[in-house]
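Student: Can you take me through the spaces and the helix packing in this model? I'd like to go one topic at a time.

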Amino acid sequence: MPFFQGKFGKIYYQVKGEDFPVIFIAGMGASHQEWFCQVPVLAKKFQIITFDNAGSGRSVHPDCEISIHEMAEDVSTLVQHLKLGRVVLIGSSMGGLIAQCCLELFSKKIAGLILSSTFEGINSHMIGVLSPLLKSRQSSKVRIKNVLPLMISEKFIREEPKIVQRYINQAEEMSAPREVLQRQVRAVLNFSPHPPRSTHKMPMLILVGDQDVITTPSMAEHLQKRYPQAKLYLFEGAKHLPHIERAQEFNDQLEQFLNNIQR
């Protein structure tokens with residue numbers, strides 16, 4: 001299995017396809033497997049790179065505190081490890097914070113940025129969403145079951161049970177120990193917001209489900225104020241995982257964005 005040496009230890013990654021490189025950055029507790037609706041489709045036209053953040057999946061499970069910035073440093077190391085030129089980054093939820101941090105580390109190599117179901121910086125709403133996870137003593141199986149209605153709409157759960165079960169099975173298989181996941185939670189809670197407005201000019205796309213109660217559409221609109229050049233797209237009826245719940249529509253948005261990138 002392919003690994004590279006990250007900030008805290010070995011980081012697992014996968015590369016599928018050829019041509020222009022696109023790096024997918026997963027959210028809190030999620031692994032490279034979360035992109036199962038994107039990789040087979042987009043790898044036909046692009047080089048798709050997925051990996052597990054420190055504290056997730058097959059990567060190192062640090063026994064110390066970690067930060068969003070340090071996880072972004074791992075992305076920078078991955079770019080160097082693979083000897084990549086210009087890349088597009090796609091970050092979901094916590095992965096969107098990591099992607100934004102990457103702008104401060106290697107912006108000249110970033111040809112475009114896609115931010116899905118994410119936000120600019122911690123606020124009272126996110127504190128309310130995340131703080132209970134620091135006190136939880138639930139098993140990963142129970143936790144995943146309890147948060148599922150926040151991640152995916154009831155309609156999709158009812159109509160697409162096989163896809164939902166695949167997501168659940170992979171989440172359970174790749175789930176980190178509770179104390180390791182809580183280090184990722186603290187990393188998000190300790191994330192310092194960027195200045196009010198970005199000076200970066202590369203193309204950007206902000207994606208959000210219009211029923212997302214974790215990273216709400218209003219938070220996406222606020223994020224767009226930081227990146228005035230960014231286009232905002234809402235997935236009707238979707239919650240926090242539009243890349244699963246609206247996979248074809250999500251992939252269409254990604255492919256359209258990638259086809260318009262100056263490489």
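Predicted model: local features only at pLDDT ≥ 70, side-chain atom pairs only at ≥ 80, totals over all residues.

Student: OK, how much space lies in the largest pocket?

Tutor: About 720 Å³. On a 1 Å grid over the protein atoms alone, a pocket is an open set of points with protein on both sides within 12 Å along at least five of seven lines, and a cavity is a set where a 1.4 Å probe fits but cannot get out. Points are joined across faces, edges and corners, and a volume is the space filled by probe spheres set on them.

Student: Which residues lie nearest the centre of that largest pocket?

Tutor: Met28, Gly29, Val147, Met151 and Tyr167, out of 34 residues that line the largest pocket. Lining residues have an atom within 4 Å of a point.

Student: And which helices supply at least two residues of its lining?

Tutor: H4 (124-135), H5 (140-151), H7 (161-173) and H8 (178-189). Helices (H or I, at least four residues) and strands (E, at least two) are DSSP runs, numbered from the N terminus.

Student: How does the lining of the largest pocket look by class?

Tutor: It has 21 nonpolar, eleven polar and two charged residues. Ala, Val, Leu, Ile, Met, Phe, Trp, Tyr, Cys and Pro count as nonpolar, Asp, Glu, Lys and Arg as charged, and the others, Gly among them, as polar.

Student: What about the second largest pocket, how much space lies there?

Tutor: About 250 Å³. Its lining residues include Pro203, Lys231, Tyr233 and Phe257. Strand E7 (204-209), strand E8 (231-235) and helix H11 (247-259) each give two or more residues to that lining, and H11 gives the most, with three.

Student: How many cavities of 30 Å³ or more are there?

Tutor: The count is one. About 40 Å³ of space lies in the largest cavity, and Leu133, Ser136, Gln138, Arg143, Arg178, Leu181 and Gln182 line it. H8 gives the most to this lining, with three residues.

Student: New topic. At what angle do H2 and H3 pack?

Tutor: About 65°, with the axes of H2 (68-81) and H3 (94-106) 8 Å apart. Axes are lines fitted to C-alpha atoms, for helices over the stretch in contact, and angles run from 0 to 180 degrees between N-to-C directions. H2 and H3 are therefore roughly perpendicular; angles of 65 to 115 degrees count as that, under 35 as roughly parallel, over 145 as roughly antiparallel and the rest as oblique.

Student: Which residues make the contact?

Tutor: Among them are Ile68, Met71 and Val75 of H2, and Leu97, Ile98 and Leu105 of H3. Contact means heavy atoms within 4.5 Å. By class, this contact of H2 with H3 has twelve nonpolar, two polar and one charged residues.

Student: And how do H4 and H8 pack, at what angle?

Tutor: At about 155°, with their axes 9 Å apart. H4 and H8 are therefore roughly antiparallel to each other.

Student: Which residues in H4 and H8 meet?

Tutor: Met126, Ile127, Leu130, Leu133, Leu134 and Lys135 in H4 meet Gln182, Val185, Arg186, Val188 and Leu189 in H8. Leu133 and Gln182 are also in the lining of the largest cavity.

Technical notes: Residues numbered from 1 in each chain as written. Heavy atoms only, no water.
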